[in-house]
Amino acid sequence: YYRRNRRQGVVNYGEIIKPGQIPKKNKMDITITYYIDKSGSMHGEPIKNAFNASHLFSKSLFNNTHNESIINDFKFTYYAFNTKFYKMKENQIPQADGSNVDFNEILEYIHEHSLNDMINIIITDAQFPINNRKCIQAIKETSGLFIVVANNNSNETEFTEIETALKGKFKFLLADEKFSFNSSQIK
């Protein structure tokens, strides 16, 4: 027992001790998983900037909120993908190579490997086909928020349709072509 039940009064030798109470912590774990495109079209600065931004964002989020009373712990996971998915170590940047999978295949992988993550961030050049119906269904079946950061607007219409259909669960952000960021803005 964590502590004695005070309502029991004095406990005499040989008496059964009634269960006490464990203080309940009203805290949550923050789980964020990054899925970063490593196909050949991400070669050079785009892949380096995408991974550096994800690591910097994770560090900044932890440093700015780890003392919050409602946060228990942070868990950041990083994946790189082309036609396959690779779990990455923190601060690891892979070589860009290969082609890409369809967007709904990325979402299906997330459903299988990050089903209960709070936030799933996909950083990509979005050079893949999008089947909106399949994508909307896959996102509905997975808990958490989805954020897509793309460096071109070739699929902006499809992403906007998904965002409209899934208000509050899917967000599309457009980055510049090199995924550049100003690190002084992230504290």
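Biologist: Where does L115 lie?
Modeller: L115 is in the loop between α2 (103-113) and β4 (119-124). Keep in mind that this is a predicted model.

Biologist: OK. Is L115 buried, exposed or partly exposed?
Modeller: Its relative accessible area is 35%, so L115 is partly exposed.

Biologist: Which residues is L115 in contact with, leaving aside neighbours within four places in sequence?
Modeller: L115 is in contact with I110, E141, T142 and S143. Take T142 from that list: L115 and T142 are 27 residues apart in sequence, yet C-alpha to C-alpha they are 5.4 Å apart in space.

Biologist: Let's zoom out. How many helices and strands does the protein chain have?
Modeller: Four helices and six strands. Going from the N terminus, the order of elements is β-α-β-β-α-β-α-β-α-β.

Biologist: And what share of the residues is buried?
Modeller: Buried residues make up 41% of the 187 residues in the protein chain. As for the surface, the chain exposes about 11400 Å², with carbon and sulfur atoms supplying 48% of that area.

Biologist: What about contacts between residues at least 6 apart in sequence: what percentage join residues at least 24 apart?
Modeller: That comes to 72% in the protein chain.

Biologist: Switching to helices. At what angle do α3 and α4 pack?
Modeller: Helix α3 (residues 132-140) and helix α4 (residues 156-165) pack at about 40°, and their axes are 10 Å apart.

Biologist: Why do you call that oblique?
Modeller: Angles under 35 degrees count as roughly parallel and 65 to 115 as roughly perpendicular, so α3 and α4, at about 40°, are oblique to each other.

Biologist: Is the crossing of α3 and α4 left-handed or right-handed?
Modeller: Right-handed.

Biologist: Which residues meet there?
Modeller: From α3 you have N132, C135, I136 and I139, and they meet E158, E161, I162 and A165 in α4. Five of the residues in that contact are nonpolar, one is polar and two are charged.

Biologist: Tell me about N132. Buried or exposed?
Modeller: N132 is in helix α3, and at 14% relative accessibility N132 counts as buried. Not counting residues up to four places away in sequence, N132 touches E158, E161 and I162.

Biologist: Where does N91 lie, and how exposed is N91?
Modeller: N91 is in the loop between β3 (85-88) and α2, and at 56% relative accessibility N91 counts as exposed.

Biologist: And what is phi for F179?
Modeller: Near 55°, which is again a positive value in a residue other than glycine. F179 is in the segment after β6 (170-174).

Biologist: Is F179 buried or exposed?
Modeller: Buried, with a relative accessible area of 5%. N91, by contrast, counts as exposed.

Methods
Residues numbered from 1 in each chain as written. Predicted model: local features only at pLDDT ≥ 70, side-chain atom pairs only at ≥ 80, totals over all residues. Heavy atoms only, no water. Axes fitted to C-alpha atoms, helices over the stretch in contact; angles between N-to-C directions. Helix = DSSP H or I, 4+ residues; strand = E, 2+ residues; numbered from the N terminus. Parallel < 35°, antiparallel > 145°, perpendicular 65-115°, else oblique. Left-handed = near helix turned anticlockwise from the far one by under 90°. Contact = heavy atoms within 4.5 Å. Nonpolar A, V, L, I, M, F, W, Y, C, P; charged D, E, K, R; others polar. Buried < 20%, exposed > 50% of the residue type's maximum accessible area, 1.4 Å probe, protein only. Areas by Shrake-Rupley, 256 points an atom, 1.4 Å probe, with all protein chains shown as cover.
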